[in-house]
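Student: Please take me through one part of this model in close detail. I am new to it.

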Amino acid sequence: MDTFQLSLQFGIAVVVIACPCALGLATPTAVMVATGVGASQGVLIKGGQALESTHKVNCIVFDKTGTLTTGKPVVVSTRLLKNMVLGDFYEYVAAAEVNSEHPLAKAIVQYAKRFGDEDNHVWPAVRDFVSVTGHGVKATVRNKEILVGNKTLILDSGFHIPVEASELLREAEEMAQTGIIVSMNQEVVGIIAISDPLKPGAQDVISILNSMKVKSIMVTGDNWGTANAIAKEVEVGINTVVAEARPEQKAEKVKELQMCGFTVAMVGDGINDSPALVSADVGMAIGAGTDIAIEAADIVLMKSNLEDVIIAIDLSRKTFSRIRLPTTKWSIGS
């Protein structure tokens, strides 16, 4: 070996002997302390790999429902396009939706209970129930074929959406509401408008991430109109919106960003987000979300606050800045 290589080996030997604590304990101790601090703040970090990847994150993909929004949607209006009793309408719709785990479905079922006994309501028997992921549900209730979902579900089933229904959907979207189409026996009979307000502090979180040079993107299965309206409410930071995305399309978007050179974190709460949570460099699940999303994530935000996304990134960055401090400082500190 030449003189430089020989000198380098001697130098490394001196450092190893002089600073064993700094070299041998710096990383594991820092990671252990960081995961403990994170847990005390309601940020559950599943291991050192998740902590290490988080400090490199420069792009975050947010789901909408339950992540950027409160995840507690409520029915705000119902417009019937056919002459029928509103209670009967919701009897059919709730019977079809009661087996769905989607937050919008739960909102509809909860609203439908007001037309009967809220505590002990028994819905009609359902046959041939099918949940079309990201679009809605199909079922047969009292020999009627019921479809409850978005425009894609109706159009893919070969049904026509009347002009009046399209106008009602557009009005709902302009008010950042989700329009749900109800079809009975291949005929659109009503539009349900559901509101899921933006989480308090969401605007500040996106703004702070922007100042940290972290790009924010929203990917949702909701329609384009509602997605764009929510993005406008956030005001700053979210310039890219992907709507009407199926679960596999969310994962594809994550992979596309990774191929562009981004280190991507995915923040979601539902079953639909699980593929994207697994595909991302760092998956962050909202604590109030589904068990599947929590299991798939690398980090769980136990308090379900968006502010905890910033805490996770900041904690990771500070941890690795400590690890990279000169060994002499570690030795002096010890």
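Tutor: Strand 2 and strand 11 (residues 264–268) run parallel and pair over four bridges. Two strands pair if DSSP finds at least two bridges between them. Strands are DSSP runs of E, at least two residues, and helices are runs of H or I, at least four residues, both numbered from the N terminus. Within this pairing, I60 stands opposite A265 in strand 11.

This is a predicted model: local features need pLDDT of at least 70, side-chain atom pairs count only at pLDDT 80 or more, and totals for chains, interfaces and linings use all residues. Residues are numbered from 1 along each chain as its sequence is written, and side-chain values use heavy atoms, with hydrogens and water left out.

Strand 2 also pairs with strand 9 (residues 215–219). That pairing is parallel too, again over four bridges. Here F62 has M218 in strand 9 as its bridge partner.

Now look at the faces of strand 2 (residues 59–62). Both are covered. C59 and V61 are buried on one side. I60 and F62 are buried on the other. Buried means under 20% relative accessible area, with a 1.4 Å probe and protein chains only.

I60 is buried and faces A265 in strand 11. F62 is buried and is bridged to M218 in strand 9. Strand 2 therefore has both faces covered by the cut-off of under 20%, and parallel partners in strand 9 and strand 11.

Key:
Buried means under 20% relative accessible area, exposed over 50%, partly exposed in between (1.4 Å probe, protein chains only).
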